[in-house]
Structures are given as structure tokens and as C-alpha cells.
Amino acid sequence: APVTGGACGAFQAFSLFVKAKEVPAAARCPAGGEGVRWRCCRLAFEELSGIHRHVALQHAGDVGRQAGLAGAGQQAGLAAKQAAAEASPSSVPAPAGNADGLNGHSGSSPEISCTLPDTSHVSYDDLTSKVGEVLLYYCYCEVKDPEKLCAWQKALCQHLHLTGKVRVASEGINGTVGGSKVATNLYIEVMLSQPLFKDILCQEDFKSSAGGAHCFPDLRVGVFKEIVPMGIDPKIVSYKETGIHLSPQEFHREVEQYLSQASQGQSDTVLLDCRNFYESKIGHFQGCLAPDIRKFSYFPSYVDENLELFKDKRVLMYCTGGIRCERGSAYLRSKAVCREVYQLKGGIHKYLEEFPDGFYRGKLFVFDDRYAICSNEDIISACRYCGTLWDQYKLCSSQHCRQLVLTCPGCHNKGLTACCPVCQEKELKVTSRASGQTLKEECECTRRRPRVPIEHVSQRTLDAGK
């Protein structure tokens, strides 16, 4: 539409204001595309429509003063709408400064901030350095708009060149991301400044280990019913009914006392590993009860089938980073059979930071391409084929099998690279569905393992030395 009268001055002032926020071409991202083209209010913008919306919403008064027009604010808004209308929504990516187009108005949840950190002071090489770390964290809180939080998280991780997995739900957020040290520091800084997590999430809630973006194949951010898949509606078993949190120091003392009593056959405590069998197989606390389950969603059934084991007991629970204990302890407490339920705050991750040579022996399994991290030299597992001490997992060599296998270099060189004889000999027969999806034949590893093992209390012995 043609612009007449005083509006002409407003549009000119608007254009000059946007022009002043341009990033010099020499300072833009060198790897593919032009990257960030404008910066304003510590926000970064890649598309013209993004900086237009920002200026119209946040700087209408400034534009008006430059133009010397009382109504320039309204004209600035008109300019933004006109500029946005000229671009096809389907072909224009969301501006980097507004997290997938979420600009904090038009009915958006006020407790979720969608701003992204200013990276203008960081070189592209530093931001994408392969030498970095992997973060692990979670935060239980009420999220009114999970989709919006998900969109912001995706934009934030992409902005910082992070890879990994982030689960968002109405009950909170759970993530593990990898990137350069600069990127992860910025990520933590932004997360701690997010109003949604205020007074809930703190610096020590982030567990870190050596790694980087290369530890994950890609970035996956999504909205789910639970931030950790236990398979129980959060409204039925809430994280608000969790067990008593113990610091690593307190947990260490409790385990020490438990092992001392167990060695004399006088313990009234169960040291419970909440993880899956392949995790506890390569590392666990001495004297623990490690359920032979494949998924955390089997944990409730395990508790139900073994209630007698926990009757009148003090239960010390632990997992990798603490999140599974939040829901797991709440479920166990809901059964009203235990005397007390405690859980390790920050999980094994935080415990090993303070007690690298404590009561946890072996490796710590992690859900990324590293598979495990270590704090001591103990190897407590063995090669599946020859029995040699070995604890470095690889995926089964059968194309459609996703089981993990422990096979030492010697056996691997002999071609023994599958998880079981079924996979090794048959290379996993595959049938096709009409849709083109594939079904895998159940292999020996999954077929011989009961979904929910039943513990025999009378036969159970605790060897405090292992």
C-alpha cells in the first residue's frame, strides 16, 4: 500500500533504526548462509521479518522520537506488519531472537521467556569447538505451555550449536545436551535466568562430563506426557510425593553403615538401583539390589511383584542423575510398605564428583555415543563370549538389532560382534509390514529375560565386598 503524509517519516525512521542494528558482513557466521544479520537488545536475528517485529514491539517510541512524530509508534507497527506480509510464512525461518516466532505476546504464557543469548562476543570457532562437555539436568515444575517451552528449547540449542535430547512435559523438563564449553556455559546461564525455573533450578543441578556435540547424532526436542518415561500418569503418582533427598555425603555415610550392618547380617536397609540391567551391569554401588529390567517403565511392575522385599525396610535409591528416583521413590512410597524411602540427590553423577573412589565401582552408563564415563579403574563386567574383564559397549552388529553387547577386542577380531547366537548366526531375519516398516525377530537376549523379575528374598545374599 502507498505511504502518504506523516507516515513517510515514520517508515524512514523505522528503516534507519533497523539499518543501525546490522551486523557487519565480516562478523557474520562463516559456515553456510549469512547467519546472524542484526543484533538488538542482546538478541540475534537472521531474518528481516524478525528484526522488524522486534523493533515494532520494543522500540516504537524510539522510532517516533527519531521521526519527530507523535503517532510514529503506530506507524512502526504498521511497517512491521507490512514487512512480515511481504514474506511467505512457510519459507521464512523464525528469527533467532524470538525462538521460533514466539515473541512473548498475543496470549503467550508470561512465565516463559523466549529470548536467546547474545553470542556476538564469541567467535564461531569457540562456539562450535569439538572440545567441550555434556550436560545432564532436569527440573520438575508446572509448565502451562509445553509446546512453547519446547519451541524455545529447540531454538536455544540450535542457536548454541548444541546436540542431544530434551524432553518437555507439563511436569517439567529433562535434558542432556552436548557442545563447546562456551555454548554449555551460555546454556546454563540462560536456563537459570528463565522465569519458569526461578527458585527451582540452580547451578548444582547441572551435571557435566567431558564430551561435546559429537556425543549425540543430532538434536531431538519434543513434548511428552512424562519427562522420564515411567508409564504412570503424573497426576496419579506425582513428583511432589518423592522420597527424602540425601546429599552425596549423607548417602555415602548411609551406604557405609548399610554395608557394615549387611556384612553382619543385621541390615534393615535395601540399597536399590533404579536403572536398567545394562547400566548396572558395568557399574553399581557395592551390595545393591539391581533389578534385571530393560526399561524404567517396567519399574512399577517390579515394585508390585516384589513388595514383600521392601516391607518395613529403609530404602536407599539411586540412579544416574536423580530423575528416575523422583518418580520411582514416589511410586514406592505410594505402596505404603516401606519404613522410609531415601534417594541420592544428583544421582551417581554427583556422587562420583565427590567420591570418585567411594562405594560405587565400575563405569557410569550414559545415554549417548560414549556409552560410559569412568571415575575409577575398576572393571566389574566381562566379555559376553570369553569372560575377559571388559566394560565397553557396542551395538549388536545385526542391522536391525539395538541391543548393546560387551565383546572384547580379541573376540571382536574373530567376528563375534553380535549380542547373542541368534543375531550372530541368523543376522536377524526381518519381515516387512505393508507400510514398509520392519519387524525384528526376538533375539535370545530379550526372549530369555523375564519382563519383570521376581526376587527370592530367602535366596538373596549381600556380598559387601563386591
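Author: What follows is a quick tour of the fold, a helix pair, some aromatic rings and a few loops.

Reader: What kind of model is it, and how are residues numbered?

Author: This is a predicted model, where local features need pLDDT of at least 70, side-chain atom pairs count only at pLDDT 80 or more, and totals for chains, interfaces and linings use all residues. Residues are numbered from 1 along each chain as its sequence is written, and side-chain values use heavy atoms, with hydrogens and water left out.

Reader: How many helices and strands?

Author: The protein chain has 16 helices and 19 strands. Both are DSSP runs numbered from the N terminus: helices are H or I with at least four residues, strands are E with at least two.

Reader: How much of the chain is buried?

Author: Buried residues are 48% of the 466 residues in the protein chain. Buried means under 20% relative accessible area, exposed means over 50%, and partly exposed is in between (1.4 Å probe, protein chains only).

Reader: And what share of the contacts is between residues 24 or more positions apart?

Author: Such residues account for 69% of the protein chain's contacts with a separation of 6 or more. Contact means heavy atoms within 4.5 Å.

Reader: Helices next. How do α8 and α13 cross?

Author: The axes of α8 (residues 248-262) and α13 (residues 347-354) come within 9 Å and cross at roughly 90 degrees. That makes α8 roughly perpendicular to α13. Axes are lines fitted to C-alpha atoms, for helices over the stretch in contact, with angles from 0 to 180 degrees between N-to-C directions. Under 35 degrees counts as roughly parallel, over 145 as roughly antiparallel, 65 to 115 as roughly perpendicular, and the rest as oblique.

Reader: Which residues meet there?

Author: From α8, P248, Q249 and H252. From α13, K350, Y351 and E354. The residues of this contact divide into two nonpolar, two polar and two charged. Here Ala, Val, Leu, Ile, Met, Phe, Trp, Tyr, Cys and Pro count as nonpolar, Asp, Glu, Lys and Arg as charged, and the others, Gly among them, as polar.

Reader: Why call α13 largely enclosed?

Author: Because six of its eight residues are buried. They are G347, I348, H349, K350, Y351 and L352.

Reader: Switching to rings. How many aromatic pairs?

Author: The count comes to 16 aromatic pairs. Rings of Phe, Tyr and Trp (its six-membered ring) pair if their centres lie within 6.5 Å; planes under 30 degrees apart count as stacked, over 60 as edge-to-face, and the rest as tilted.

Reader: Give me one. How do F251 and F285 sit?

Author: Their ring centres are 5.5 Å apart and their planes are at 65 degrees, so the pair is edge-to-face. F251 is in helix α8 and F285 in strand β10 (residues 283-285), 34 residues apart, so distant parts of the chain are linked. Both F251 and F285 are buried.

Reader: What about Y278 and F365?

Author: Those rings have centres 5.3 Å apart and planes at 70 degrees, so this pair is edge-to-face. Y278 lies in helix α9 (residues 277-280) and F365 in strand β14 (residues 364-365), so the pair ties together parts 87 residues apart in sequence. Y278 and F365 are buried.

Reader: Which residues form the cluster with F251?

Author: F251, F285, Y318, Y351, F355 and Y360 form one aromatic cluster.

Reader: Which ring does R167 lie over?

Author: R167 lies over the face of F224, 3.9 Å from the ring centre. The rule: NZ of Lys or CZ of Arg within 6 Å of the ring centre and within 35 degrees of the ring normal.

Reader: Now loops. Where is H161?

Author: H161 lies in the loop between α6 (146-159) and β4 (163-169). H161 has a positive phi of about 60 degrees although it is not a glycine. At 33% relative accessibility, H161 counts as partly exposed.

Reader: What does A213 touch?

Author: H161, T163, G178 and G179, not counting residues up to four places away in sequence. A213 sits in the loop between β6 (207-211) and β7.

Reader: Last one. Is T417 buried or exposed?

Author: T417 is buried, with a relative accessible area of 18%. Its loop runs between α14 (409-413) and α15 (421-426).
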